[in-house]
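The structure comes first, and the notes follow by topic.

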Amino acid sequence: MGEERGFLKLGRQAGCYRQVCERVKDFKDVYKIRPESQSQEQASRCMDCSTPFCHWACPIGNYIPEWNDHMFGGNWKQALSLLEASNNLPEITGRVCPALCEYSCVLGLNDQPVTIRENELAIIEAGFKNGLIKPYHIGSRTGKKVAVIGSGPSGLSCGAQLNRAGHNVTVFERDNKPGGILRYGIPDFKLEKHILDRRLDIWREEGVVFKTGINIGVDYSVDKLLADFDAVCLAGGCRAPRDLKIEGRQLKGIYFAMDYLTQSNRRVAGDKIPEEELIDAKGKKVVVIGGGDSGSDCVGTAHRQGASCVVQIEVLPRPAECRDSSQPWPNYPLILKISTSHEEGGERQWEVLTKRFIGQRNHVKKISCVKVEFSPANGKACPLMREIPGSEFEISADLVILAVGFLHPEQSGMLDELKVKFDSRGNVMTDKNYMTSVKNVFSAGDMRRGQSLVVWAIAEGRRCAYFMDKYLMGQSNLPVI
Amino acid sequence: MLNFKKTNPVPIEEVEPAEKILKRFVTGAMSFGSISGSAHETIAIAMNRIGGKSNTGEGGEDPNRFITLPNGDSRRSAIKQVASGRFGVTINYLVNADEIQIKIAQGAKPGEGGQLPGHKVSGIIARTRYTTPGVTLISPPPHHDIYSIEDLAQLIFDLKNANPSARVSVKLVSEVGVGTVAAGVAKGHADMILISGGDGGTGASPRSSIRYAGLPWELGISETHQTLLLNNLRSRVRLQADGQMRTGRDVAIAALLGAEEYGFCSAILVVIGCVMLRHCHLNNCSVGVATQDDILQKRFSGRPEYIVNYFNFIVTELRAIMASLGLRSIDEMIGRTDLLELNREIIPAKASQIDYSRILYRPELPEDVGRYYKVKQDNTLDSVLDRKLIEIWGGCVKKNLPVRISLGINNTDRAVGAMLSGEVCKRCGEGVLLEDSIVCKFDGIAGQSFGAFLAKGITFELEGMANDYVGKGISGGKIVIYPNRKVDYKSDENIIAGNTSFYGAISGEAYISGVAGERFCVRNSGLYAVVEGVGDHGCEYMTGGRVIILGKTGNNFAAGMSGGIAYVYDEDATFKQRCNLDMVELEKIKESDKDTIYHLLSNHFKYTNSIKAKIILDNLHNQLKKFVRVMPVEYKRILEGAKIEQKLDIAEDLDG
């Protein structure tokens, strides 16, 4: 802790965002990277707690107090090496992580937390700027061949770690380019894709082989996969979306969020989309059903595509704006989040249940909703929802996006062919060593855990790599997380 | 490592009620100084609400806290600790206690003293500890008045005299052999023994001590309980255990191993907001628990209700365990190691060869050997000389006569003055009596602890000699000692008082016409004394007051001295070799000292007719040149800072 009383001298100063009127015109990053000196100043607020709750809350166990201190002292190299020791994708988490660490920051107990996420971003970007990020030199190869299915954050972390352990890693991806939801889910205005490409190039130089456009189970048989490789990691994500099977669902103009966002990202990247497949919000009244992060990404995307108005509805009640006694520190609180997309416009409504889609000429024209209320739990597992009689109303909608979450991984195809066992939620079941019910086949990330955060995916990938390395070699020098 | 055996349970309604059990809980000794005032008071209020006890720790206590609050709450700590630093141990402090605890050692740093860094000694802390703000406070590792078990028995006796209604406890540390020490302590008439485990916390200890020193309380309690049982001493004392206790299960095991009271410390701090920042020593606690910083103290958000709630949870769990073991009361549980067994599953392979049976050993003893506290200790307070003094004082007050007592004294009369001072404090309040309100003249050879805790307004005059511990903890009184008028030896060459005189003196005056033994005025915080020679280690760890030595000192004078001033009459210019110069500087007498020296020497002559004093006073101007001023470096810096502030104040007034 360079400055003992830094937290008393300086208040929290988060970085800035571009002006709303300017940023909705393009898909570039809404965040303005702050000067290194400001990050250093903010790092001085870190109290270097002997019981670092930030480190405890972080799924990958980042060494937060230590790299804060290094950065404050100008030791960028040491800060970077500590950061890379626990995180394969700090430039991603530094941009899109909800920062579980900041919600557990001890300073956040009775003051404002340290700007940990932005500090992390400052360290990694300084690293890139000063040419400190170089491909890792792999000492000797083990001769073992490992396949990673899926190139999202968990697959990428798993592959990168196993490659460093000396195995020959091949990452299979059914999309055209690697990245998973990082590339085809998170909009550019939150994560520009060259950030991802920059990192992928380094891994390619380290020896990771990427095979894109290959769908395991379709283009590459499962039997061949098991024969060609000594171990396989299933990191295909949790992509089966929850559907709203209500009257009018078959009408045109109703899409899943993932389809909408993926296509938008493709268009931003320059891909041409055929007319009949185009999902465009230009001039339309857009309704986004689902009040989570995917929903907010859809809101931002719709704004940029020129929607005439955007309404986001959510069935649960509006969360509180700050912690109350039911959400004590240091746990991650479920409180109201106002994302950059919400600042750009649009309306949000809570406790609204969609009853049916109403169409005209086989295209959706409006949705019919009802207000609901939740009664207290009364000893049951969760509160009961009740429709408020007489509260029906309608919202005009030319384009409806369903952003109501993901149920479990797509079970048909690869998983079906492999005959892995599923758990009660439909996710791939593994033992405590991350191995599925099929020998040599492991699983990590959302495919194993259900939909979750990028940082959890990285933790999963790293852990799975450790267990796979241990399985292949008898013991492992990789870190457990 | 220990599990409960399966037995026949009883219904939980039959287990003794929570209110009775709560009285057995205490909080550990966390001093005001190590933790903030609000934290300390919150703990006191909570423990007083449930009928348990909180502990002052080593830092003394603000007398304001002895007054009950309008809503019935009390901020007064029930246990007053007497530690090696003797900070704030005045007669008023002792009289306002339900229990006085002698801290022999601390579990988390056995064998070491503590240190409160200067920057944590704020104005309030300094006042409460009777020292100077900004000056580092060092607690010596041992009590300088306890070098043997007899000395400890003497201290227990002194404290019992000061406050006969309080119980006296001794805090020991869990280590091999603690049973033997405890047996000695029990024979020395302590009412309670605390065995402190090594896993406890501390804000003032080197890391190596925190991690590697000390043993768990389970071993200590086990050994102590068994040793006391085998010597039939167990029923005369209470046993208390502490050291990272957190759950009802910990309490149950402590009881089954032999403890009847249970101390919680770190857990309580966590309850009122500690997040284990471990910045205690930096005075930087961001949750306001362990800091004296004004800004950070405002962030304290703990409340007594939280602590009460926590103990309710503990008791609930404890009662459930008691019911499952078929026990209806804590008394039934004490020492019932037959209900415990070793959990072999968690013992690692390397430790499987160890024989653990001694921990759970239960000696076969006849029925009448008590398993827990039953019998009050004999304390022989009935026949102390003070009873006579108190009687005469009462008589004089009734008849509205000045209190002038004249008695013979013997070396079997120990702690003379302690009980009288306690009574004066209780009846009149602290520091209310005027100087010389009660004057006692004694003839003969005084026993140990003559004038212990002497309160303001009482003057003791002794013609003869005294033994050790004269004026221990003197709290404003006046002590005068001179040789028998018939003798003809030189007063500045012959010993008149024993060792460790004025240990932990708070304030008052002393005029000793003779040579005192070793460790004179150790931990003096404010006494003004004149003596005509001392042995080794004079004025060690002194933090306040003024001492004049009119003769030779021994070696290692002023070791650890961080406050107060000593004036040594250095006739043969050899003093420098015998002085410990680590923390002090030797200087010539300054103008500001002359008044003090003149007044003290005049008093010395007035009270004792000292020939040495007369010689010096008759030629003061020249004699002053032979004096050496022993000035602690830190103290000088603080005094000069205060003088500058005073000058600035005057300047501001002049500017108008």
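In what order do the five strands of the open sheet with β5 and β18 of chain A lie, and is the pairing parallel or antiparallel? The order is β5-β4-β3-β6-β18 in chain A, and the pairing is parallel. The model is predicted, so local features need pLDDT of at least 70 and side-chain atom pairs count only at pLDDT 80 or more, while totals for chains, interfaces and linings use all residues. Residues are numbered from 1 along each chain as its sequence is written, chains are lettered from A and ligands numbered from 1 in the order in which they are written, and side-chain values use heavy atoms, with hydrogens and water left out.

- Helices (H or I, at least four residues) and strands (E, at least two) are DSSP runs, numbered from the N terminus; two strands pair if DSSP finds at least two bridges between them.
- Four bridges link β3 (residues 145-149) and β6 (residues 231-234) of chain A in the parallel sense, and A:A147 stands opposite A:V232 in β6(A).

- Strand β10 (residues 309-313) of chain A runs parallel to β11(A) and is joined to β11(A) by three bridges; A:V311 stands opposite A:E347 in β11(A).

**Salt bridges**

- Over all chains, the count is 71 salt bridges (a side-chain nitrogen of Lys or Arg within 4 Å of a carboxyl oxygen of Asp or Glu).
- One of them joins the side chains of A:R304 and A:E344 at 2.8 Å, N to O.
- A:R304 lies in helix α16 of chain A and A:E344 in the loop between α17 (340-343) and β11 of chain A, so the pair ties together parts that are 40 residues apart in sequence.

**Interface of chain B and chain A**

- The contact takes 17 residues from chain A and 14 residues from chain B.
- About 1200 Å² is buried between the two chains, 53% of it on carbon and sulfur atoms; buried area is the accessible area (1.4 Å probe) that two parts lose on being put together, summed over both.
- B:V275, B:N284 and B:R299 supply 39% of the area that chain B buries against chain A, more than any other three residues.
- Two salt bridges are counted between chain B and chain A, including one in which the side chains of A:R5 and B:D293 meet at 2.5 Å, N to O.

**Backbone features**

- Most residues other than glycine have a negative phi, and most peptide bonds are trans.
- The peptide bond from A:W329 to A:P330 is cis, with omega near 5 degrees; A:P330 lies in the loop between β10 and α17 of chain A.
- B:D436 has a positive phi, near 60 degrees, and its place is in the loop between α15 (418-428) and β14 (438-446) of chain B.

Technical notes:
Contact = heavy atoms within 4.5 Å.
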